[in-house]
Amino acid sequence: MKYTLQEFLKEYPNDAACLDRVFKLRFGDMQRVCPCCGKETTFRRVVTRRSYQCRLCYHQLYPTANTPFNKTRTPLNYWFYVMYLMTTTRNGVASTEVQRALGVTYKTAHKMTTQIRKLMQEDHKIKLRGYVEIDETYVSTGKSKKGDTGRGTESKKPVFAVVERLGEVRATVMPEITIKHTDKYLQKHVSKDAHISTDEFPLYNGLKKRGFINHGVIKHAMEEYRKGETSTNTIEGFFSQLKRMIFGTHIHVSEQHLQKYVDEAVFRYNHRFKDVDMFGCLVLRLIDYQEKPSL
Ligand SMILES: [Zn+2]
């Protein structure tokens, strides 16, 4: 199901329409029991601020509190538009593009994309099973003193990922690829009975000992790419997508923000088959979103 720009603009034409939507997502109907006076009442939007007031006791509810739009002065329809852009483009949207499209400062554009990436962060509770591929890759980051400009010394950061074929991916930036770090991650995200494929990287030799009994190895050094059900093509596909997004769209990312870009790639990957449009999914996340401290 494709959600078109026209539909988007009709649904979210201005700040008020977006605020109404956020109110309904977080508090339900405008006609509701007031948490302050306890009476069945109607809440009305206060024109001068982003709040709604109880008709009876004037208690105010702030729908954007604890959302990515908390305390923003940027119109909410701008925020929603960036969410729309980020979920309808294949390789993401650069902050400079948002800056140009909306006529906001780079700082604002960057803040918006960063906050929206936080909304994309998935809370994985289900372990991957079936055919699972494991691999690691290295992404160069421009390490920056100021954080965002990406200038300064370059370093390569490892990203570790597991994917279920025809299923979901999990990925994380690791301090380094060691047995300790990877094992902790695998225990959390992969079912013991999964059929695992890796390449010949020595670290994976001990998988059987650590309880992952079905482990097949692809020897890339011998130009092997598929051996029966053993292959790492799917996870490599995810990594190329991640890199296309980072180097194609963003050119460089800082070490500090790398995890958020990984989260964005994971979100996009995991929603690729879903019937619901990605934008709709993201909007629904506002319901119980809790702002997390930034990394
Ligand atoms: Zn009240």
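1. A word on terms to begin with: two strands pair if DSSP finds at least two bridges between them, while helices (H or I, at least four residues) and strands (E, at least two) are DSSP runs, numbered from the N terminus. With that in hand, look at the hairpin of β3 and β4: five residues lie between the strands, and Tyr 58 takes a positive phi near 65°.

2. Please keep in mind that this is a predicted model, in which local features need pLDDT of at least 70 and side-chain atom pairs count only at pLDDT 80 or more, whereas totals for chains, interfaces and linings use all residues. Residues are numbered from 1 along each chain as its sequence is written.

3. Now the overall picture. The chain has nine helices and 11 strands, and its C-alpha trace spans about 75 × 40 × 35 Å along the principal axes. Among contacts with a separation of 6 or more, 57% join residues 24 or more positions apart; a contact here means C-beta atoms, placed from the backbone, within 7 Å.

4. β1-β2-β3-β4 is the order of an open, four-stranded sheet with antiparallel pairing. Its edge strands, β1 (31-33) and β4 (60-61), each pair on one side only.

5. Which residues of β3 are on its covered face, and which on the uncovered one? Tyr 52 and Cys 54 are on the covered face, Ser 51 and Gln 53 on the uncovered one. In a regular strand the side chains alternate between the two faces of the sheet.

6. On domains: the division is into domain 1 (5-120) and domain 2 (131-270), with bounds from an automatic or database domain assignment. Their centres, taken over C-alpha atoms, are 34 Å apart. Nine residues of domain 1 contact 11 of domain 2. On the domain 1 side, three of the touching residues are nonpolar, four polar and two charged (Ala, Val, Leu, Ile, Met, Phe, Trp, Tyr, Cys and Pro count as nonpolar; Asp, Glu, Lys and Arg as charged; the others, Gly among them, as polar).

7. Leaving aside residues up to four places away in sequence, Met 83 touches Ile 116, Phe 279 and Leu 282.

8. Finally, helix α5 (residues 106-120). Its 15 residues should span 21 Å at 1.5 Å a residue, and the end C-alpha atoms are 21 Å apart, so the two agree; the expected span is 1.5 Å times one less than the number of residues. Buried residues of α5 include Ala 109, Met 112, Ile 116 and Leu 119. The buried residues of α5 pack against α3 (76-88), α4 (95-102), α8 (255-270) and α9 (278-284).

Technical notes: Two residues are in contact if their C-beta atoms, placed from the backbone, lie within 7 Å. A residue is buried if 20 or more other C-beta atoms lie within 10 Å of its own, exposed if 12 or fewer, and partly exposed in between; C-beta atoms are placed from the backbone.
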